[in-house]
Structure formats: C-alpha cells, structure tokens
Amino acid sequence: MFERLARRYRTPESVQAFVRRLTYNKKNTMRSALGVLKQGEAHCLESVFVAAAILERHGHPPLAMCLDSADHVNHVIFIFRERGRWGAIGRSREPGLHGRAPVFRSLRDLAWSYVDPYVDDTGGRLVGYSISNLDDSGSPWRVAAGNVWKCERYVLGCKLRSLRASAARHRKSLREFLNGGHIPRDYWW
C-alpha cells in the first residue's frame, strides 16, 4: 500500500496535501500508518506515521519533531531535509501548525516557525522541542493492527531542547490570536 502511495505522492509538498485531506481524528487513538489509511482520519502523530511511511520510500528517514507546550498539549510533525534545508509535514486542527516548506537552515529555526502560531487563549506556548527517529521506538508504527502507544511514549520522551519566546513576543502573538488569528507566512503549506 505504501509503495502505491509513494508512486502517487513523490514530494513532501504532495504528501502534505494528502495528509491535510484526511479527516482530523479527535479520538484517543494512536493508529499505525496502515490503521490511519484504513480509517481515513489522523491526528498529528498519526499523520507523521503516514508521511514517514510514504516519504521513506523517497529516501527521507522517519524523523519526528515534538513541539512541547506549556499547557501540555504537544504537537508532532514529520521533518525532512531537502537541498540542505529543513521542512515539515503536519496535521492539526489549527492551519498554522501544518507543514513548512524546506526553507529552514536548522531544526531550531524550523521549531521557531511554530512559536507564534502555537499561541492561543488556553495557555498554548511552546517551551521546547525534541527530535526522534520513529524506528528507534521499537514499535510497529507502519503496519500495527492496533494502537502504537509505545511509539508515542518514545516520541514524547526524547530529550527536550529549550525554546522560549520572550514575554513581549508572547503578548504580541496572543494579541494577534485574539484579534482574529495569526498572519499567514509564505513558508506554510
């Protein structure tokens, strides 16, 4: 199944478009990539599994970035590198937390691109990020019939790198959010 999808979706941008078309999963599940495709719905980490299963066939390792929030509502994205620049594929209820074109010089720069859109009126504020390789989880994240909670625990448990915006930047982002949202950036997919 992933081979067929890899023939159809050859670029990270096309995989991002595919992932965005999946219904957002609001249930408490942790389906494998195969489970997501069978159900047609995914939350952030489940969409990472799908993106990784497709793009590894095009030479991209199954890497995830966990964005850690002060309100403990973390967000996970698939990360990839093209021509020396980092990008991401993501699925969220919030469009500003979807993917990014590969324009970032470092993983830290990529993580910073999520700081402003992460702010909301519930206390959402990024405080750090971590990087993981899904294969290191020891979990069958590609094809498991049931949930793959072990992979989630691994991704969420990786070493955190601090990422804190100033109080002034946070207040500005919160004002933007309360006044109708954040201004879209040209590097968002």
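**Cores, sheet and cysteines of a predicted model**

Good morning. I begin with the largest nonpolar core, which holds 35 residues; among its members, V15, F49, I54, V76, F78, I89 and L134 touch the most others. At least two residues of this core come from each of the following elements: helix 1 (2-8), helix 2 (12-21), helix 3 (33-39), helix 4 (44-55), strand 3 (63-69), strand 4 (75-82) and helix 7 (149-157). The greatest contribution is that of helix 4, with ten residues.

What does I54 contact, leaving aside its neighbours within four places in sequence? The partners are L5, A6, Y9, V15 and F18. There is also a second, separate core, of 19 residues, and F104, A111, Y129 and A165 are included in it.

Six strands make up an open sheet with antiparallel pairing, and their order is 6-5-4-3-7-8. Which strands lie at the edges? They are strand 6 (100-104) and strand 8 (161-162), each of which pairs on one side only.

In one of the pairs, W86 has F104 of strand 6 as its bridge partner. F104 also belongs to the second core. Although strand 6 is an edge strand, it is mostly covered, with four of its five residues buried.

Helix 4 lies across strand 3, strand 4 and strand 5, and runs at about 25 degrees to strand 4. Helix 7 also packs on the sheet, where it touches strand 3, strand 4 and strand 7 (126-133); the direction of helix 7 makes about 125 degrees with that of strand 7.

S139 is found in the loop between strand 7 and helix 7. Is S139 buried or exposed? S139 is buried, at a relative accessible area of 12%. Not counting residues up to four places away in sequence, S139 touches V148, K150 and C151. G180, by contrast, lies in the segment after helix 8 (167-178) and is exposed, with a relative accessible area of 71%. From G180 to P12 the separation is 168 residues in sequence and 29 Å in space, C-alpha to C-alpha.

I close with the cysteines. A disulfide is a covalent bond between the sulfur atoms of two cysteines. How many disulfides are counted here? The count comes to zero, taking a cut-off of 2.5 Å between the sulfur atoms.

Thank you for your attention.

Technical notes
Residues are numbered from 1 along each chain as its sequence is written. This is a predicted model: local features need pLDDT of at least 70, side-chain atom pairs count only at pLDDT 80 or more; totals for chains, interfaces and linings use all residues. Side-chain values use heavy atoms; hydrogens and water are left out. A nonpolar core is a set of buried Ala, Val, Leu, Ile, Met, Phe, Trp, Tyr and Cys residues joined through side-chain atoms within 4.5 Å. Buried means under 20% relative accessible area, exposed over 50%, partly exposed in between (1.4 Å probe, protein chains only). Contact means heavy atoms within 4.5 Å. Two strands pair if DSSP finds at least two bridges between them. Axes are lines fitted to C-alpha atoms, for helices over the stretch in contact, and angles run from 0 to 180 degrees between N-to-C directions.
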